[in-house]
Amino acid sequence: MTGHAIEEVRLTAFKSFHGAVLPLAPLTVLIGRNSSGKSNALDGLEVLSRLARGDDISEALESRRSAAGPVRGGLSGCVPHGSDRFSLGCTVSTEFGPITFDVTVQVEPEVRIVEERLTGPTASGIKTLLASGEPSRHPAHVVAAWHNGKPGPNPRAPFRKDRLATSQLALRVAGESEGELHTVWAGATLLTALTGVFHLDPVPHLMRQYVPARDSRLRRTAENLSAAVGNIQRHTPELFELLVNLLRGLADHDVERLAVTKSELGDVMLALDEGGLGLTPAREMSDGMLRFLAITTSLLTGGDGLDLGTAPSPEIERSLTLVIEELENGLHPSQAAEVLRLVRQAAADNATHVLITTHSPALLSALSGDDHQGVIVCSRNRTTGASLLTRLTELDGYATAMGAGSLGDVVTHGRLMREERGKQDYAEFDRLLGIG
């Protein structure tokens, strides 16, 4: 079956959020004014994804050795003002029922897991499969209990408190009973879904250099774009031809072909053959063109073409959750509909979920009525300053506002940036979404 998707992220107490929920659809579009909390919401998903890889908390969130670098604001930046800890959670859908996970991380005076809970499906219904938080006699450990499905108290043992207990389950729980097998499977499924999150942050100036041809899994910054595209050209020529055709639609001049040139050392660099203009190497391409190539490459290849790292469990298929901030950066407004078409196609073909932020009225206006279900408005509570997340379709006045123009026009004029909710005109609402 296809990989298991992350259905929602719970921003229980994280940065500017208190008790907020970010629902995820095949296409989720996060909109809102600057400083409303959009990036903070994405950081919540990023933190969960990093912790799921099994590293200790400080290494996962603050290391400068990894390609991703430290999470925005570091560990201390994850904590809401006036607190010494942050709390996050998520839900992953499976064919047997939902898996839910929640964790609280203390940052001061020491970095440690304060509480962790994993629930999921068993033969006798949804159960708590792992509960961690009891102090241990050993200062580096915390006691966790796990579900084994047998009568009497669940077994318990010390786990390292500087990383997720869920990431330690496979090594600590033998799977000697059906209940333990359910527990290990749920933990592996959760970790697999979270490590399938890929935050694409293309940095054009890093793409303008030769790279080793074998470095073909696209990295977060897309610095190895030339090698990734070269790999597509060698192994999936039909996808390569599609990529070239999409590029032709973007360029305002003729593109005869997209070439992958080689240096004397065998390293590769992209180049455009523009007919009479000759070859234009990547070092001379525009930022917008390089960003478009990086985004398109990630959408066309799905998880198979991205540097996601080792999967926690080879037996469980890993779905991709692709995160792209400011999708429209460097792109002409006329390309908005084409980019959205690519996103929808990727979701259908590669079991990919795409989470984007945008300020582009053209891109928002290109969304269909069905897409509106996945649009989430981020705003600030004027009294508390906390960030709020609300489905576009649940905002007071949505139907009336949409009756006055496209979503791009509505957002441009600020008609939807309101915290108040009230009764809705559901007949008009249904008509606008094409339901009635």
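Author: Start with a definition. Helices and strands here are DSSP runs, numbered from the N terminus; a helix has at least four residues, a strand at least two. One more caution: this is a predicted model.

Now use those names to find a spot. Proline 109 sits in the loop between strand 5 (99–106) and strand 6 (112–122). The bond that joins glutamate 108 to proline 109 is a cis peptide bond, with omega about 0°.

Take leucine 258. Set aside residues up to four places away in sequence. Leucine 258 then touches Val229, Gln233, Phe240, Leu243, Val244, Leu247, Leu270, Ala271, Leu272 and Leu293.

Helix 6 (residues 225–235) packs with helix 8 at an angle of about 45°. Their axes are 11 Å apart. Helix 6 and helix 8 are therefore oblique to each other. The crossing of helix 6 past helix 8 is left-handed. Which residues of helix 6 and helix 8 meet? Helix 6 brings Leu225, Ala228, Val229 and Ile232. Helix 8 brings Leu290, Leu293, Ala294, Thr297 and Thr301. Sorted by class, this contact has 7 nonpolar residues, 2 polar ones and no charged ones.

The next partner is helix 9 (residues 336–349). Helix 8 and helix 9 pack at about 20°, with axes 9 Å apart. Angles under 35 degrees count as roughly parallel, so helix 8 is roughly parallel to helix 9. On the helix 8 side, Phe292, Thr296 and Leu299 take part. They meet Val339, Leu342, Val343 and Ala346 of helix 9. By class, this contact has 6 nonpolar residues, 1 polar residue and no charged residues.

Stay by helix 9 for a moment. Glutamate 326 is in the loop between strand 14 (320–324) and helix 9. Glutamate 326 has a positive phi of about 50°, although it is not a glycine.

Now look elsewhere. Lysine 15 also has a positive phi of about 50° without being a glycine. Its loop runs between strand 1 (6–14) and strand 2 (17–23). Is lysine 15 buried or exposed? Buried means under 20% relative accessible area. Lysine 15 has 12%, so it is buried.

Phenylalanine 86 belongs to strand 4 (residues 85–92). Its relative accessible area is 1%, so it counts as buried. Beyond four places in sequence, its contacts include Phe14, Val47, Leu61, Val79 and Val105. Recall Val244, a contact of leucine 258. The C-alpha atoms of phenylalanine 86 and valine 244 are 45 Å apart, and 158 residues separate the two along the chain.

Last, serine 63. It lies in the loop between helix 2 (57–62) and helix 3 (74–77). Serine 63 is buried too, at 7% relative accessible area. Leaving out neighbours within four places, serine 63 is in contact with Ser58, Gly69 and Pro70. From the C-alpha of serine 63 to that of alanine 337, the separation is 38 Å.

Methods: Residues numbered from 1 in each chain as written. Predicted model: local features only at pLDDT ≥ 70, side-chain atom pairs only at ≥ 80, totals over all residues. Heavy atoms only, no water. Contact = heavy atoms within 4.5 Å. Axes fitted to C-alpha atoms, helices over the stretch in contact; angles between N-to-C directions. Parallel < 35°, antiparallel > 145°, perpendicular 65-115°, else oblique. Left-handed = near helix turned anticlockwise from the far one by under 90°. Nonpolar A, V, L, I, M, F, W, Y, C, P; charged D, E, K, R; others polar. Buried < 20%, exposed > 50% of the residue type's maximum accessible area, 1.4 Å probe, protein only.
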